[in-house]
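Welcome! Please take a look at the sequence and the fold below, and then we can walk through them together.

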Amino acid sequence: MGGVVFHQNTAEACHRFQAIGINTDFYMGEYGQKDFFLELETGKIGAEEFCRKLAQVTGKDSLSYDEVEHCWLGFIKNIPLKGLHDLLELRNHYHIGLLSNTNPFIMGYTRSNRFCSEEKPITHFFDSFFCSYEMGVCKPNAEIFRKTLEMGNFKPEETIFIDDSIVNIKAAEEVNINGLHITANTDWLEPLTERLKQL
């Protein structure tokens, strides 16, 4: 989702977490989280427990859901409407699914009308969702791709996975999914169109 559906700003997210006292060098990687941040994204803990642990680590009495959501939403720089409209057009011909390492804070926001300037939730633009915290596993673990194929009843040879991480692409290709590596925060429609012609 980050770097593909929306333009991602990792530096801003880190800044917001640092402002409440988090050592982002330890807890947050470029393409993955660690410790209880990872527990959140693999569904081992929920939003309430994450807020409690975050407050404990930062030495605060408590942190509200809204305060923590503000930190996570730092990742979202902007959401290009062109990309969303391209998804709608593609849905006329293909099943469009979202597979993402994500958490209840990000998805609570994206599944609301706050998601884009057209006041439509992300569910308006996709047919199905495969979220790490709901599946119990994160990319680049190949298991998340196996589960996605099974849950969606997809054939790997008929599936294209788009990502800005080559590590994730290679993991998808391990289970025979067609990978399409793109540069983060760029228009992906042209390379996807070309790849579709090859299938």
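## The largest pocket

A pocket here is an open set of points on a 1 Å grid over the protein atoms alone, where a 1.4 Å probe fits and protein lies on both sides within 12 Å along at least five of seven lines; lining residues have an atom within 4 Å of a point. This is a predicted model, in which local features need pLDDT of at least 70 and side-chain atom pairs count only at pLDDT 80 or more, while totals for chains, interfaces and linings use all residues. Residues are numbered from 1 along each chain as its sequence is written, and side-chain values use heavy atoms, with hydrogens and water left out.

Which residues lie nearest the centre of the largest pocket? They are H95, I96, G97, I160 and F161, out of 30 lining residues. The volume of this pocket, the space filled by probe spheres set on grid points joined across faces, edges and corners, is about 760 Å³. Among the elements giving two or more residues to the lining are β3 (97-100), α9 (142-152) and β5 (160-163); helices (H or I, at least four residues) and strands (E, at least two) are DSSP runs numbered from the N terminus. The biggest share comes from β5, with 4 residues.

## Strand β5 and its partner

F161 and D163 sit on the covered face of β5, while I160 and I162 are on the uncovered one. β5 runs parallel to β6 (residues 178-181), and 4 bridges join them; strands pair if DSSP finds at least two bridges between them. Opposite F161 stands G179 in β6. From β5 the chain crosses through helix α10 (residues 166-174) to β6 in a right-handed β-α-β crossover. Right-handed means that, with the strands pointing away from the viewer, the path from the first strand over the helix to the second runs clockwise.

## Another unit: β3, α7 and β4

A right-handed β-α-β unit is also made by β3, α7 and β4. β3 and β4 are parallel, with 4 bridges, and L99 has F130 in β4 as its bridge partner.

## The nonpolar core

A nonpolar core is a set of buried Ala, Val, Leu, Ile, Met, Phe, Trp, Tyr and Cys residues joined through side-chain atoms within 4.5 Å, where buried means under 20% relative accessible area. The largest one has 49 residues, and F17, F37, F50, L54, W72 and F126 have the most contacts inside it. α4 gives the most to this core, with 5 residues.

Notes
Buried < 20%, exposed > 50% of the residue type's maximum accessible area, 1.4 Å probe, protein only.
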